[in-house]
Amino acid sequence: MDSIVKISIANGIFWIDIPEVNLKILCGTPADSIKHLMKRGLLLQRESKGVKFETGPNAILLSDIMLQNGSFSNMGEFPVLQMLYRQGMIIPNHPNNSGKKPLLIGSGEQIESQMLYIYRGNYGLTSIEEIIECGYSEEEALALMNIKLKFAFGSIKSSDEFIDSCIVEDSKTEIRDGVFIERIESNIFKIDYKDQSQIVDLNLKDDEHYPSPYPLGFYNIKRDYFGIIHAGEGDGWDPTRPCMSSILLFQGKIYLIDAGPNIERNLLALGIGVNEIEGIFHTHSHDDHFAGIPALLRGDRKIKYFTTPLVRSAVTKKLSSLLWIDEARFEKFFDICDLKEDEWNNIDGLEVMPIYSPHPVETSPFYFRALWQGGYKTYGHLADITSDDVLKNMIRDDDTKPGISKKLYHKVKENYLRECDIKKIDVGGGMIHGDAEDFKNDKSKKIILAHTSGELNVTQKEIGSGAHFGGTDTLIPINQDYEWRYAYEFLRIYFHEVPLHEIRMLLNEEIKVFNPETIIIREGEVNDSIYLVLTGIVEMLQSSKVRSNRLSAGTLIGEISGIIGIPSTETYRACSYVQTLKINRELFLEFVKRNRLYAEIEKLKDKREFLQRTWLFGEEISYTTQIKIAKNMVLKSYPKDYHFGHELTEGIFLIKRGRVERLFGDKIVENITEGEFFGEISSIFKLPGIYNLVAPTNVEILFIEADMLEDIPIIQWKLFETFQKRKRFILQYEGSCEHTIPWDERYTLNIQSFDSRHKNLVGISSAILRNIKDGKNNTSGLKDLFEALFEYSRYHFKAEELTLKQYNYPKLDEHKNYHEEILDRVYSLKKELLDSDKIENDLEVENFLRNWISEHILVQDREYVEFLHKRGVY
């Protein structure tokens, strides 16, 4: 019998079972990993001492890399909830409560990130100050906090009170009971028990994605004037269908209501590309409504983000915890549109009213309405509401104690029961969800029951209807063809200087619909038509590339090969139902020549084709954005042995020919080759360079200014994913060498941005010590490292001081003086090295670096930790 059993569950997800010590490890936790375990029969119903519960994992192995191929790799919220409640590991007197906590295994950074993300997933905003920052009075904030405390059984607990951790850095580590784990390389682990071992590789290949646990098929949806597409009626535990969500259609625009797991696949099934989405209405931050956020960043313009300031703040803090980013970065990805609670907010003719719903995290269900014959037509989307029985039990008379006031209880109940034409409600039951029977006297014309994993009972069926994925409800019918409007708008944007009658000529071409999986243009063939994609998703394939790129509405396909009359260098294939404007090649060529567009198209041809072949610029980039980038990027040549320096702050360097080496000290940590890029660390994320970039051969670069990419979400998201991966190099290399300053978990402050910067300071300091100990202190690499230490220290101190100033830290001046002393010492060491080309006293430098790290983090910074934590800064 095998002492270690390994089962491959899905791309990037594995199951390790060591029966002798009752250790079951879920390896890899992308969204819906629990549903994948259910589908594989690894979560079973059991009964002991009259208590029913599920089996499942009791430990989680986290990915070293938070983002892979555009998706979150670590989403432990639901797996941890399954262990605590559905298995019963935290429930008093439960037969499955042995006193052991769920266990997170992985790098210190990812464990800390998961702890903070789960903390925010449990509670949302965690202080009165955080609520006040959203525009509430102190009295209102106290009332909202008391409701939160009632759900939290009286107190807000840190994640480590109910979750254990096992940090795996770069040496063999015992998980427990003689089971050991070792990182072989980034994201690849070896697990040993007795004389057996298993290798777990959590890396996704270039052409792999985390799969959906359920098949959906394809739907050719008619787009109403005002209507609803049902995009999910399940919950976070239903392995057969998507989580509760809807897609709202209004005047040809598409709005999402929530973004649950696998939303990219859900949209694909419905024939909706990300560039077609106008905005998202977000109810709250639980993973079954939040996990699909990355899919919405895969377009070339910002999607509008609609919710109340309270929900936005909770979502921002959770996303920031998950990704270790500054909260301000949220606005880099979305066009923020705050809504006023309990008021009708007008959004280009569509009116929306968010209401408050008591819940463990900040939650705002929505009502929508649009004017039509006979008055308004209305839709209510009541996700994550609380049952009347639970709310009644929360009522209290003392305003200082946890619970809800009678006045607010009656207001919530009244808001839940607003009359609508169509109302979708959460009937998940339990302590934090709704009950269908609360709506048996609701006067709405149609009620749809959702957010449940169980079969509806007879009573529920008498109260409300069900809805299947892809089903629609029309509130105001359509009496026009939006496809022609889409075509006109795209052509008018692309060819804005062309006379209108010329655009109308192209609009007289036919609308061509392609079924899913149909080849539109084949590589190697001369296409006789150019296609403007109006709806749906197309993938671009190249025989020489493993990865394919996806394109959505607004893309012109076959344009360059069609105009010039050469064989297509790519195959274009419909991923969903796709509507296109099919334009005759000869007519389009005449259109281009008549309007003096040919010369520019010919001039930019090579640049555009090169961009299309790259990972960074090859997908979801519209015609106008691609033209704009191609027009403005500059071809530059650099000689062999060129060291890139100050220019790295200016933009992105895309390699056309040759290669560039990324060095940390004198160690090559990455080779960057044709089609790949560098420069994002300094130009986009504004961090001091801690690497050296050197051209070992002559190299040709296409340079793109950073400002040009500022408002393109898919580019920003891919740059961030690359930045996260490259950040791992410094931590991995630092831990694999001798003469380092090891990262001590006592250094962790549980303030994510500070901890991340401290790790980089430790890494740079370690590299300096290695360089000195190896007898290389007269090399240019050491000079570069001291320069990096000085610049990064200055950057970190400034950021730290800004945060302390924002929260009026009383000892700020004293802390700033300490920073100035450190910078003066680092500067003097840097100057000594520059002047004499060597370090005179190695031991003095070593003692300074080691003592500084300990003094700075363990003593000086510890003084403000409690101060910031009390104000909700984590």
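This is a predicted model: local features need pLDDT of at least 70, side-chain atom pairs count only at pLDDT 80 or more; totals for chains, interfaces and linings use all residues.
I take two strands to be paired if DSSP finds at least two bridges between them. Strands themselves are DSSP runs (E, at least two residues), numbered from the N terminus. Residues are numbered from 1 along each chain as its sequence is written, and side-chain values use heavy atoms, with hydrogens and water left out.

**Entry 1: the six-stranded sheet**

I began with strands S2 (residues 13–18) and S3 (residues 23–27), which run antiparallel and are joined by 5 bridges. Within this pair I found Ile18 opposite Leu23 of S3. I then traced the open sheet of 6 strands in the order S1-S2-S3-S6-S9-S10, and I noted its mixed pairing. At its edges I located S1 (5–10) and S10 (164–167), each of which pairs on one side only.

**Entry 2**

I next examined S23 (residues 366–372) and S24 (residues 375–382), an antiparallel pair joined by 7 bridges. Tyr367 has Gly380 in S24 as its bridge partner. The hairpin of S23 and S24 has 2 residues between the strands, and there I noted that Gly374 takes a positive phi near 85°. S24 also runs parallel to S25 (residues 422–426), to which 4 bridges join it. In that pairing I found His381 opposite Lys424 of S25.

**Entry 3: the four-stranded sheet**

I followed a second open sheet, of 4 strands, in the order S29-S34-S31-S32, with antiparallel pairing. S29 (519–521) and S32 (549–551) stand at the edges with a single partner strand each, so one side of each has no neighbour in the sheet. I checked S29 against S34 (residues 571–574) and recorded 2 bridges in the antiparallel sense. Ile521 has Tyr572 of S34 as its bridge partner.

**Entry 4: Ile652**

I placed Ile652 in strand S38 (residues 651–657). Ile652 counts as buried because its relative accessibility is 0%; buried means under 20% relative accessible area, with exposed over 50% and partly exposed in between (1.4 Å probe, protein chains only). Contact means heavy atoms within 4.5 Å. Leaving out residues up to four places away in sequence, I listed contacts of Ile652 that include Leu616, Phe677, Phe678, Leu702 and Leu719. The C-alpha atoms of Ile652 and Glu705 are separated by 6.4 Å, although the two residues are 53 residues apart along the chain.
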